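Below are my entries, in the order I looked things up.

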Amino acid sequence: MSLPSTDTAVTYPDGDLTSTGAVVFVQPLDDGRTAVVLDRTAFHPVDPVWPDQPADAGTITVDGRAYEVVDAVVGATDGTTLHVGDAPVRTGTEGWAFVVCHLVQDATGIEPGAAAAVSVDPARRHALSAGHTACHLASLALNDALPGLWTKEVAVDGRGRPNFDQLAITSSRILEGGSVDEYRIGKSLRKKGFAAADLPARLDEVTAAANRTLADWIASGAAISIVREGGRPGLGDRRRWHAELPDGVVEIPCGGTHLRSLTELAGADIHLDLAETEGAVVLTMRTTAHLA
Ligand SMILES: [Zn+2]
């Protein structure tokens with residue numbers, strides 16, 4: 001059994017919930033579980049480097065036996081070792097193969113070369129996709145509500161607004177039906193011209209403006225898709241979230257799964273909280289997606 005030399009072909013960006021493929025590598029882990037690598041999968045893994053969207057739930061069926069996938073993580077190999085969830089390089093780094101590691105409790109009967117069918121829990125996937133789509137919309141709506149707080153020119157988002165989201169984000173967690181994003185407003189953001197001292201007094205106004213923008217976008221029923229760079233299918237290949245919003249197309253680099261259209265949402269809203277830490281202010285944005 002040799003280590004994989006190419007990326008797992010991933011079909012979840014197209015919305016797939018099932019896939020067929022072959023087992024290419026099996027690696028027992030120290031905790032008793034086993035990582036199973038397939039040549040092709042519909043199963044979305046968590047990427048520990050930027051763990052925004054958690055893993056799908058579901059099963060792998062080999063030889064008529066269904067194995068529950070208890071977790072799925074990005075694995076990486078340079079041909080010497082398979083790093084399971086602890087790659088020393090960023091996903092997509094040249095010279096490495098990036099693979100979906102499906103973790104099972106007991107891999108008895110799973111051998112390289114065997115045919116494998118993947119099945120993903122549709123309810124969890126749909127809820128995570130709704131949460132992830134709402135998260136990207138919310139980040140754009142937040143950027144749209146903040147320009148009055150910038151006193152200098154900074155990098156802009158796909159709609160030409162100062163990209164507060166990209167400049168300040170420290171973590172993003174996709175939940176079933178929502179997301180939680182944390183932004184750090186410290187010395188460097190203030191130096192870039194963000195009027196942090198004015199934010200507390202304007203928080204309600206910013207929240208209301210972002211929620212109005214979200215409502216307008218969702219009412220438009222915009223189409224959403226994932227664009228694969230060069231059409232390439234590998235886990236480590238770059239992909240972009242593509243939204244046809246009323247005032248133009250917006251794209252955001254993204255490795256997750258999404259709704260196909262905003263008609264799948266009845267609404268979405270954000271809630272903002274500010275907290276003080278040493279030398280910085282932390283802004284937390286909680287986004288809720290309401291399925292139609
Ligand atoms: Zn994303």
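**Cysteines and a buried serine**

I started with cysteine 135, which counts as buried because its relative accessibility is 5%; buried means under 20% relative accessible area, exposed over 50%, and partly exposed in between (1.4 Å probe, protein chains only). A note on the source: this is a predicted model, where local features need pLDDT of at least 70, side-chain atom pairs count only at pLDDT 80 or more, and totals for chains, interfaces and linings use all residues. Residues are numbered from 1 along each chain as its sequence is written, and side-chain values use heavy atoms, with hydrogens and water left out.

How many disulfides does the structure hold? I found zero, taking a disulfide as a pair of cysteine sulfur atoms within 2.5 Å. Cysteine 135 is in no disulfide, and its nearest cysteine sulfur, that of cysteine 254, lies 8.7 Å away. I also looked up cysteine 101, which is buried at 0% relative accessibility.

Next came serine 139, placed in helix α1 (residues 122-145); helices (H or I, at least four residues) and strands (E, at least two) are DSSP runs, numbered from the N terminus. Is serine 139 buried or exposed? Its 6% relative accessibility makes it buried.

**Salt bridges**

I count 14 salt bridges, each a side-chain nitrogen of Lys or Arg within 4 Å of a carboxyl oxygen of Asp or Glu. One of them joins aspartate 31 to arginine 33 at 3.0 Å, N to O. Aspartate 31 is partly exposed at 48%, and arginine 33 is partly exposed at 22%.

Another pairs aspartate 106 with arginine 65, with 3.7 Å between the closest N and O atoms. This pair links distant parts of the chain, 41 residues apart: aspartate 106 sits in the loop between β9 (97-104) and β10 (115-120), arginine 65 in strand β6 (residues 65-69).

I also noted a network of salt bridges linking Asp144, Arg159, Arg161 and Asp247.

**A positive patch**

Which residues form the positive surface patch? They are Arg184, Lys187, Arg190 and Lys191. Patch residues have over 30% relative accessible area and no salt bridge, with like charges joined within 9 Å and nonpolar side chains (Val, Leu, Ile, Met, Phe, Trp, Tyr) within 5 Å. Helix α3 (residues 187-191) gives the most, with three residues. Arginine 184 belongs to strand β12 (residues 178-185) and is partly exposed at 42% relative accessibility.

Conventions:
Accessible areas come from the Shrake-Rupley method with a 1.4 Å probe; for residues, only the protein chains shown count as cover. Lys and Arg count as positive and Asp and Glu as negative; His and the chain ends are not counted. The place of a charge is taken as NZ of Lys, CZ of Arg, CG of Asp or CD of Glu.
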